[in-house]
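Here are some notes for a first look at this model. They cover aromatic pairs and helix packing.

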Amino acid sequence: LDNAHIERFCKRLSEILKRREKTMKSTLKQMIVFTACLFLCICFFSSKSYSLNTSYYLRAAQVLREKNVMVGDTKGNLNLDKPLKRSEISKMIVILLGKKKLAEHYLNLRKTSFKDVKTNYWGLGYIEAARSLGILTGYPDGNFRPEQYLKIEELTAIVVRALGFKESDLKGKWPLNYVQKAFDLNLYYN
C-alpha cells in the first residue's frame, strides 16, 4: 500500500460510515475517530507511507490519544513505528464502536473464551467484547494470540465486520471473502 491508497481507503471508509449513520451525531463523531484509527492502523503496514507523511499520522494519533483510544505503553509512548497487536486493535475497535461498557462487563466476569488469554490479562474485557460483537475471532486451535502482530487481512476483516457485514454476507473463503468485500465497497481504491 502506498500513501495515496491509504488516503483513498480512509476517505472511502469515511463516506460509507457517514452514509450508514447520518442521523446520529455521537456516532458520527465515533466514526471520524474510527476512520482516523483505521488510517493510522494501515500506516503501520507501510513504513514507507508512514515516513512520507509523519505529521498527519502524529495528528491522527493525538486525536486517538485524546479520545483514550490509544494510551501508549507504561511510559506513555505510542510506539507508532511498531505494528499493532491483536489485543491493541481489540481495545481500539471496542472503544471506537462505543462499547467500552461491554468490555468492562466482560472484564468483571473474569472469564475467557480463549486458551491463551488469562483472566488477569489487561485486554481481557476488550478481547471478549470484540469477540461477542463478531469483530475479532480466535483461531481454530482455541487461541486468540493477543500479542501477535495484526496482519493486513485481519485488519481488512475487522473493518468489513465493523461496517456491519457478517461472514454469511460474504462469498468465498477467508481471507479472500473479506478482501473482495473491501474491494466491492471501494475501501482500497476510490
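**Notes on aromatic pairs and helix contacts**

1. F114 and F144 are both buried, that is, under 20% relative accessible area with a 1.4 Å probe and protein chains only, where over 50% would be exposed and anything in between partly exposed. The model is predicted, so local features need pLDDT of at least 70 and side-chain atom pairs count only at pLDDT 80 or more, while totals for chains, interfaces and linings use all residues. Residues are numbered from 1 along each chain as its sequence is written, and side-chain values use heavy atoms, with hydrogens and water left out.

2. The rings of F114 and F144 form a tilted aromatic pair, 5.1 Å centre to centre with 50 degrees between the planes. Rings of Phe, Tyr and Trp (its six-membered ring) pair if their centres lie within 6.5 Å; planes under 30 degrees apart are stacked, over 60 edge-to-face, and the rest tilted. F114 sits in the loop between α6 and α7 and F144 in the loop between α7 and α8, so the pair ties together parts 30 residues apart in sequence. Helices are DSSP runs (H or I, at least four residues), numbered from the N terminus.

3. Three aromatic pairs are counted by this rule. Another of them is Y121 with W122, also tilted, at 5.7 Å centre to centre and 40 degrees between the planes. Y121 counts as buried because its relative accessibility is 16%; W122, at 44%, counts as partly exposed.

4. Helix α6 (residues 100-109) and helix α7 (residues 124-132) have axes that come within 7 Å and cross at roughly 115 degrees. Axes are lines fitted to C-alpha atoms, for helices over the stretch in contact, and angles run from 0 to 180 degrees between N-to-C directions.

5. Helix α8 (residues 152-162) packs against helix α9 (residues 176-184) at about 60 degrees, with the axes 9 Å apart. That angle makes α8 oblique to α9 (under 35 degrees is roughly parallel, over 145 roughly antiparallel, 65 to 115 roughly perpendicular, and the rest oblique). The crossing of α8 and α9 is left-handed.

Note on methods
Helices (H or I, at least four residues) and strands (E, at least two) are DSSP runs, numbered from the N terminus. A crossing is left-handed if the near helix is turned anticlockwise from the far one by less than a right angle, and right-handed if clockwise.
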